[in-house]
Amino acid sequence: MTNKTKYTEEHLKKELETQEYAYGFYTDIASDTFPKGLNKDIVRAISKKKNEPKWMTEWRLEAFSIWQKMEEPNWANVNYKKPDFQDIAYYSAPKSVDPNKTLDDVDADLLAMYKKLGISIDEQKKMNNIAMDIVVDSVSVATTFKKTLAEKGIIFMPISEAIQEHPELVRKYMGTIVPKTDNFYAALNSAVFTDGSFCYIPKGVRCPMELSTYFRINEGGTGQFERTLLIADKGSYVSYLEGCTAPARDENQLHAAVVELIALDDAEIKYSTVQNWFPGDKDGNGGVFNFVTKRALCETNAKVSWTQVETGSAITWKYPSCILKGDNSVGEFYSIAVTNNYQQADTGTKMIHLGKNTRSTIISKGISAGKSQNSYRGLVRVNARAENARNFSQCDSLLMGNKCGAHTFPYIENKSKSAQIEHEATTSKIGEDQLFYCNQRGIDTEKAIALIVNGFSKEVLNKLPMEFAVEAQKLLEISLEGSVG
Amino acid sequence: MLHIKNLHASVNDKEILRGINLEIKPGEVHAIMGPNGSGKSTLSAVIAGNGTYDVTQGDVVLDGESLLDFAPEERAHKGIFMSFQYPVEIPGVTTTNFIRTAINETRKARGLADLPANEMLKKIRATAELLDIDRKFLSRSLNEGFSGGEKKRNEIFQMAMLEPKLAILDETDSGLDIDALKIVANGVNKLKNKDNAILVITHYQRLLDYIIPDFVHVLHNGKIIKSGGKELAYELEEKGYDWLK
């Protein structure tokens, strides 16, 4: 007689494989999609479609010629077949979007899709006190709460509209934090970005609600290149959330976004991401290539916190960073990255200390399962002028099963004698003794794993706004457990 | 309540339990004593359903139902509790959160709704008071950085919260000084009633000064070689185990 209750890594592996991506539906909405391929004409056509001013078109064309001379980076700890950039459509829009829409005019199919995504716009509006922008494929389809925000002088709108309505702000700041020349994907994004969010918080204003953007890739064979620009003027405060999903497809879809944050003197920005792009199936087919450049500039006494929960994408290449330019500025990075099956993530941050008394904190939690590879890559650079700069980094990895990998690549460059830099790293495995202990208390293995993972991730989950923390917690459970038979 | 019949169990084909027979009735306290390697901890692990051990023969029956086909969590739902000799740490999960999950999972298995938050809180407060536990202690991560005594008190706290039919205390006295031992034993005594039963597994007699057993069994080489009343424990303390072998 053998005891059927013995829990092995084989069981764990099976459980993890049988999970399915809950957001993998495709909504059949008539859409207006450009032919595949990329050249100057396509760039011009995107600009024209958006009815952009000449300076914007020129800016894009310049980015395009920079991109043409660049090569795709291959230093990250990820392996994939490089995308064919001529086999992607660079613009796709649901047909029924009218630029002058209000929420009541939004296409019924689109609304049904939001419902599937678990977003009821009405509810969001009323209950969560979240102003929300939704970007499907390449265009922004609804921005809620515009009026309430306008009363405070807060601008929150699709970047395509901001280019029309606030060209002075867009021109002043766009590309200053992530220049066109920054990297291959940033250059590509600068040439072809189609939509994204723009946000400006005026001096001394505390944004009364969470601002939120929801990104969705719907159409096949398309890429998504959104661009987000967020400016917190002196002494202002804003908390911003973004969420992402995509249909399950057996092809790889490219997502190359750029996010630029500017925190002027005494301003504070909290930027939270729950990224759940389609990760590919259990055999590693399909999934989103998520190549994203996110960077923040902190002026004197400013503070920027990046919080990310990354459970999706086949390949993730993403390093939300802070340039701590002003004295006493603070940068924070809190991250949970979950990889399962054949997912590969190379993610981390850069903290560049330029000003005096600048402080940064990095808390990175990597959870690897299946045959996935999860890498933390982080740079802490302290320049000579950055007296008394301080950094604390903590990188913890949790392994599930024995076919996955966790890697840590910390880079520390210090030119200041008075700097204090600390780095801690741990790697652990969910032990059978932990699982048995939970089982003995009446908690089954699936629930036990969720409990242990949540405990492991808690320091980061705690940084998320309440309503997002609950969602993120659920997402972690879905990503790691699946349906156990 | 619990009926162990001719129980044989092995690990990696090595037989450790070689035919255990034991009957425990409601309201009784049984003590299993024995030298190191006699199979004491294996017995508790097998009752709790630890998959490391293979049951090769015999049965463990709770209230007329064999436990062997049930997973450890199902056995817990049926009222089996084991206080671990080495309780594990779960970083980031508070004792409160852990016990709340354990109680609600057990309730779910019994077809009951979650215990409402205010009632849960009431129960936690009352139990902490009963066992003289500082509630701050309950918001720390489970067993992380706890002293030996704190870990064992935490086990008794969980036992009190879960109200099991049968509580197995596996070497609960190991690593405790006399003060901690008294506190833990007092806790157990407060929880004892006519409907539940306690199985104390221990190497030394000293715990039995505080938790008075109705029956004492000596385990040697995977078999119970002698049973008696509480006086047997003193005899063992005096003479050691060798005279029985």
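## Chain A

Of the 485 residues of chain A, 56% count as buried. This is a predicted model. Here, a buried residue has 20 or more other C-beta atoms within 10 Å of its own.

Chain A holds twelve helices and 23 strands. Take the contacts in chain A with a separation of 6 or more: 84% of them come from residues 24 or more positions apart.

## A helix enclosed in chain B

Now turn to helix α1 of chain B, which covers residues 40-48. Eight of its nine residues are buried, so the rest of the structure largely encloses this helix. Which residues of α1(B) are buried? They are B:Lys40, B:Thr42, B:Leu43, B:Ser44, B:Ala45, B:Val46, B:Ile47 and B:Ala48.

What follows α1(B)? The next residue is B:Gly49. Its phi is positive, near 95°.

## Where the chains meet

Chain B touches chain A through 28 residues, and these are in contact with 22 residues of chain A. Four elements of chain B each give two or more residues to its side of this meeting: β4 (54-62), α2 (72-77), β7 (90-94) and α3 (95-109). The largest share comes from α3(B), with five residues.

What classes of residue make up the side of chain B that touches chain A? There are 16 nonpolar residues, nine polar and three charged.

Notes:
Residues are numbered from 1 along each chain as its sequence is written. Chains are lettered from A and ligands numbered from 1 in the order in which they are written. This is a predicted model: local features need pLDDT of at least 70, side-chain atom pairs count only at pLDDT 80 or more; totals for chains, interfaces and linings use all residues. A residue is buried if 20 or more other C-beta atoms lie within 10 Å of its own, exposed if 12 or fewer, and partly exposed in between; C-beta atoms are placed from the backbone. Two residues are in contact if their C-beta atoms, placed from the backbone, lie within 7 Å. Ala, Val, Leu, Ile, Met, Phe, Trp, Tyr, Cys and Pro count as nonpolar, Asp, Glu, Lys and Arg as charged, and the others, Gly among them, as polar.
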